[in-house]
There are 2 protein chains.
Amino acid sequence: MSTEPCVLCATEGGIPVFQGEKFRVIRAQEAGFPAFYRVIWMAHVAELSDLDAPDLALCMAAVVAVERVLREQLQPTKINLAALGNMVAHLHWHVIARFDWDSHFPAPVWATAQREPEAAALAQVTAKLGVLDQALAQSLTALILPA
Amino acid sequence: MSTEPCVLCATEGGIPVFQGEKFRVIRAQEAGFPAFYRVIWMAHVAELSDLDAPDLALCMAAVVAVERVLREQLQPTKINLAALGNMVAHLHWHVIARFDWDSHFPAPVWATAQREPEAAALAQVTAKLGVLDQALAQSLTALILPA
């Protein structure tokens, strides 16, 4: 294993959207995919199954909360969820709003691009990012409020 | 939306490993990735957030159960989890044991191959598939047993 500090322990990993005690959410700034967020577990664990049952439920509740806001705000063609971590083995979920006009659809964002994204549609999503980030922060704050 | 029947409604989608009331698990038979399983939700829904809370918990418990068995039986370098569904918008989870010797590591399996997989290591994983399938069936049966 590498002795370098983990990049998700050492840095924010993107534009901060929400900071909780157990997880944070950042916007990833991946070119061509404006509505690409990551739910990053704060503790340095590699796999989802490293979490105990309450933490696992909280982690997935956060992922689903992000998914719900993306669906409500953007009506994407599809949501893509992935926990890979081959490069950075620190538990983080990719939550990506996909559109039939994006550069890779219907292929995964990690595959080869199929086309240039539709510029007008891309600009429309990008223009909504402020509202989107705010809606996400609100939803995630509500999620962790004590019942 | 397509009027063709959904391939995951119409067909098994792989080698059957476990059949429950709410979900099934199949082995995917993707070349170079012997330990590639899918947890397929039986009801035709597109997104994880289409599930109610108990179904969502069950779905993720199934994914984590598959992950745990893969880790125990194979000690993979990493587990990859993904719910994409851009091609087939019927909720299914890819659960993939990844190894540093596989054809794509550390890239996602959907990216461009980086090398030929190590033949001996690949054969070793392939030789374990019978035991693996059985361990998965056992673990998933235990998961859905009434408490």
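Accessible areas come from the Shrake-Rupley method with a 1.4 Å probe. On that basis, chain A of this predicted model has an accessible surface of about 6,800 Å², and carbon and sulfur atoms account for 56% of that surface.

**Overall fold.** Chain A contains 4 helices and 5 strands, which follow one another from the N terminus as α-β-β-β-α-β-β-α-α. Its C-alpha trace spans about 40 × 40 × 25 Å along the principal axes. The radius of gyration of chain A is 15 Å; because a compact globule with 147 residues would have a value near 15 Å, the two agree. Of the 147 residues in chain A, 52% are buried. Among contacts in chain A with a separation of 6 or more, 51% are between residues 24 or more positions apart. The mean positions of the 10 positive and 15 negative charges of chain A lie 6 Å apart.

**Nonpolar interior.** In soluble globular proteins, nonpolar side chains tend to be buried together. The largest nonpolar core here holds 78 residues, and the members that touch the most others are Leu48(A), Trp93(A), Leu48(B) and Trp93(B). Apart from it lies another core, of 24 residues, including Ile26(B) and Trp110(B). Trp93(A) has contacts in both chains: leaving aside residues up to four places away in sequence, its partners include Leu48(A), Met60(A) and Leu81(A), as well as Leu81(B) and Trp93(B).

**A buried histidine.** His90(A) sits in the loop between β4 (78-83) and β5 (92-98) of chain A. Is this residue, His90(A), buried or exposed? His90(A) is buried, because its relative accessible area is 1%, and the cut-off for burial is under 20%. Among the residues that His90(A) touches, not counting those up to four places away in sequence, are Cys6(A), Cys9(A), Trp41(A) and His44(A).

| Feature | Residue(s) | Value |
|---|---|---|
| Cis peptide bond | Phe105(A) and Pro106(A) | omega about 5° |
| Cis peptide bond | Phe105(B) and Pro106(B) | omega about 5° |
| Positive phi | Gln29(A) | phi near 55° |
| Positive phi | Gln75(B) | phi near 45° |

Pro106(A) belongs to the loop between β5 and α3 (119-127) of chain A, and Pro106(B) to the loop between β5 (92-98) and α3 (119-127) of chain B. Gln29(A) is in the loop between β2 (23-27) and β3 (36-41) of chain A, and it counts as exposed because its relative accessibility is 57%. Gln75(B) occupies the loop between α2 (53-74) and β4 (78-83) of chain B; at 56% relative accessibility, Gln75(B) is likewise exposed.

Key
Residues numbered from 1 in each chain as written. Chains lettered and ligands numbered in written order. Predicted model: local features only at pLDDT ≥ 70, side-chain atom pairs only at ≥ 80, totals over all residues. Heavy atoms only, no water. Helix = DSSP H or I, 4+ residues; strand = E, 2+ residues; numbered from the N terminus. Rg over C-alpha atoms; globule rule 2.2 N^0.38 Å. Buried < 20%, exposed > 50% of the residue type's maximum accessible area, 1.4 Å probe, protein only. Contact = heavy atoms within 4.5 Å. Lys, Arg positive; Asp, Glu negative; His and termini not counted. Charge placed at Lys NZ, Arg CZ, Asp CG, Glu CD. Core = buried A, V, L, I, M, F, W, Y, C linked by side-chain atoms within 4.5 Å.
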